[in-house]
Amino acid sequence: MRSAGLRRTRRISRASAAALVTALALTSLASCGTSSSKDDDSSSSSKGSSDPSAPLDPKTKVTISIDCMPPAAKAAELREWKEDIKTFNEKYPNVTINGKSTPGQCNEPPRFTAMLKGKSQPDVFYAYFSDLQQVLDNDGAEDISAYVNDKTVPALKDIQPQVVDVARKDGKLYGLPTSNYTMGLMINRKLFKQAGLDPNTPPATWDEVRAAAKKIAGLGKGISGYGEYSAGNNGGWHFAATQFGLGGEIVDASGKKAAFNNETGKQVLQQLHDMRWEDDSMGKTQLLKWGDLQKQIASDKLGMFLAAPDDIAYMVQQLGASYETFGLGPIPGAKGTLFGGNNYLIKKGSSPDQIKAAIAWLNFKNLTPGKGQFDWARTKADKLPVGLPQPNFFLGESKTKDDAARAQNATMPVENFKAFMDNPVPGKAEPPKAQEIYKILDNAMSGVLTNKNADIDKLLSTAEQQVNQVLANQ
């Protein structure tokens with residue numbers, strides 16, 4: 001969550017980082033390297049320009065270690081990684097890139113924390129957007145502000161400011177993005193058609209969601225119209241996303257006080273309560289966590305749930321579903337949505353040449369339309385998915401170029417995501433102490449979904465007190 005854990009595929013910290021681990025494309029790239037620059041003899045033999053704002057001199061000899069190299073099990077992705085290094089070395093023949101790969105989830109929270117405390121991260125290391133404060137608390141990353149500009153990262157002006165700024169603290173920049181996501185409304189197009197609904201126009205308000213959910217549940221056969229999490233920190237994660245969609249917040253501007261015990265917070269819980277108990281459109285099985293709703297919608301037993309785009313790739317690749325089954329629209333309310341993603345940071349103590357080499361590689365691999373991860377023709381040729389609206393952080397000319405190439409090489413019906421793509425919603429970052437807050441809000445979500453007589457005011461008041469205690473201990 002993607003930060004609420006995972007999606008932290010991504011999504012993540014998408015609610016429970018441990019949960020997101022299991023599957024998404026984003027998580028398949030997460031960081032787990034354990035090599036340091038000292039271990040890899042990363043000192044420069046020949047030095048480049050002393051001006052930090054100047055691009056890397058192609059003659060500079062330097063070695064950098066970097067994590068998130070695809071494992072052998074991901075043969076196509078690993079082949080692309082090696083191809084990209086070969087292409088990069090055509091311009092920078094004296095840069096050696098030592099890729100690090102570990103089975104399983106790279107950015108597993110306990111391992112990531114131990115890595116930071118032990119100062120054993122690679123020279124260039126992968127992190128969730130929500131990890132910056134933990135990295136800085138461990139003095140783990142270099143300030144790269146002086147090194148990043150339109151000469152070293154030509155597409156910088158076309159990257160959404162919020163996606164760059166998430167790696168900024170007190171005016172200093174510590175990382176560059178590799179992927180991002182925003183939450184939307186995932187729908188099962190087959191069930192929409194069977195219920196007489198238009199799958200090309202997903203519900204845009206919660207009243208419309210409720211009406212559609214009743215029609216879909218009316219199909220019978222154990223089908224639920226709408227699904228929601230309420231366990232594993234995922235319930236709190238989705239409470240935050242829903243609150244953002246309605247224009248609410250989780251914490252106030254100071255980041256030190258809860259801001260959800262209000263009419264918006266009550267609406268979030270009341271609408272779930274009413275769909276669950278008055279409409280019977282959410283099914284009787286609750287206390288669901290990440291992975292449960294994906295299985296339901298992939299097997300045509302669920303009409304809708306909140307999700308990030310990379311859930312689609314997971315459901316097709318891991319659950320055997322078809323891309324044609326799914327559609328995606330903006331989050332109901334559309335006043336804001338939870339966003340998250342991943343970036344690369346550069347280890348504290350790295351030399352200027354290592355920093356320049358890292359930025360040159362990250363620019364080529366992750367931030368250039370038509371190159372690296374955005375070489376959609378190659379991705380299609382390697383039989384990997386093309387067409388999901390993720391990563392989706394470009395603006396201007398870069399966006400125009402990338403959108404055209406993505407559509408031209410699409411391996412799925414991209415028109416099914418048109419409502420999502422044509423109606424972008426402003427993203428909001430996760431709150432401080434996100435996982436602790438989400439765990440608390442799980443109780444409010446499970447309360448209304450498992451107890452017909454739940455006291456919503458009391459649930460919110462209790463959660464508010466507990467979150468304020470968490471925030472007070474920052």
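This is a predicted model: local features need pLDDT of at least 70, side-chain atom pairs count only at pLDDT 80 or more; totals for chains, interfaces and linings use all residues.

Q: Take tyrosine 126 and tyrosine 344. Which kind of pair do they make, and why?
A: Their ring planes stand at 75° and the ring centres are 5.3 Å apart, so this pair is edge-to-face. The cut-off for that class is over 60 degrees between the planes.

Q: Where do those two tyrosines sit?
A: Tyrosine 126 belongs to strand β3 (residues 124-128), whereas tyrosine 344 belongs to strand β11; the pair therefore ties together parts 218 residues apart in sequence. Both tyrosine 126 and tyrosine 344 are buried.

Q: Back to tryptophan 290 and tyrosine 314, then. What is the geometry of their rings?
A: The centres of these rings are 5.1 Å apart and the planes meet at 40°, so the pair of tryptophan 290 and tyrosine 314 is tilted. This pair links distant parts of the chain, 24 residues apart: tryptophan 290 is in the loop between α10 (263-278) and α11 (292-298), and tyrosine 314 is in helix α12 (residues 310-319).

Q: Which residues form an aromatic cluster?
A: One cluster is formed by Trp81, Phe88, Tyr92, Trp361 and Phe364.

Q: Changing topic: what lies over the face of tryptophan 277?
A: Arginine 276 does, at 3.9 Å from the ring centre.

Q: How does α10 pack with helix α18?
A: The axes of α10 and helix α18 (residues 456-472) are 10 Å apart, and the helices pack at an angle of about 125°. That angle makes α10 oblique to α18. The crossing of α10 past α18 is right-handed.

Q: On to the strands. Why is β6 described as largely enclosed?
A: Strand β6 (residues 175-182) is largely enclosed by the rest of the structure because eight of its eight residues are buried.

Q: In what sense does β6 pair with β11, and over how many bridges?
A: The pairing of β6 with strand β11 (residues 337-346) is antiparallel and runs over seven bridges.

Q: Which residue in β11 is the bridge partner of glycine 175?
A: Leucine 345 is the partner of glycine 175 in β11.

Definitions and conventions:
Residues are numbered from 1 along each chain as its sequence is written. Side-chain values use heavy atoms; hydrogens and water are left out. Buried means under 20% relative accessible area, exposed over 50%, partly exposed in between (1.4 Å probe, protein chains only). Helices (H or I, at least four residues) and strands (E, at least two) are DSSP runs, numbered from the N terminus. Two strands pair if DSSP finds at least two bridges between them. Rings of Phe, Tyr and Trp (its six-membered ring) pair if their centres lie within 6.5 Å; planes under 30 degrees apart count as stacked, over 60 as edge-to-face and the rest as tilted. A charge sits over a ring if NZ of Lys or CZ of Arg is within 6 Å of the ring centre and within 35 degrees of the ring normal. Axes are lines fitted to C-alpha atoms, for helices over the stretch in contact, and angles run from 0 to 180 degrees between N-to-C directions. Angles under 35 degrees count as roughly parallel, over 145 as roughly antiparallel, 65 to 115 as roughly perpendicular and the rest as oblique. A crossing is left-handed if the near helix is turned anticlockwise from the far one by less than a right angle, and right-handed if clockwise.
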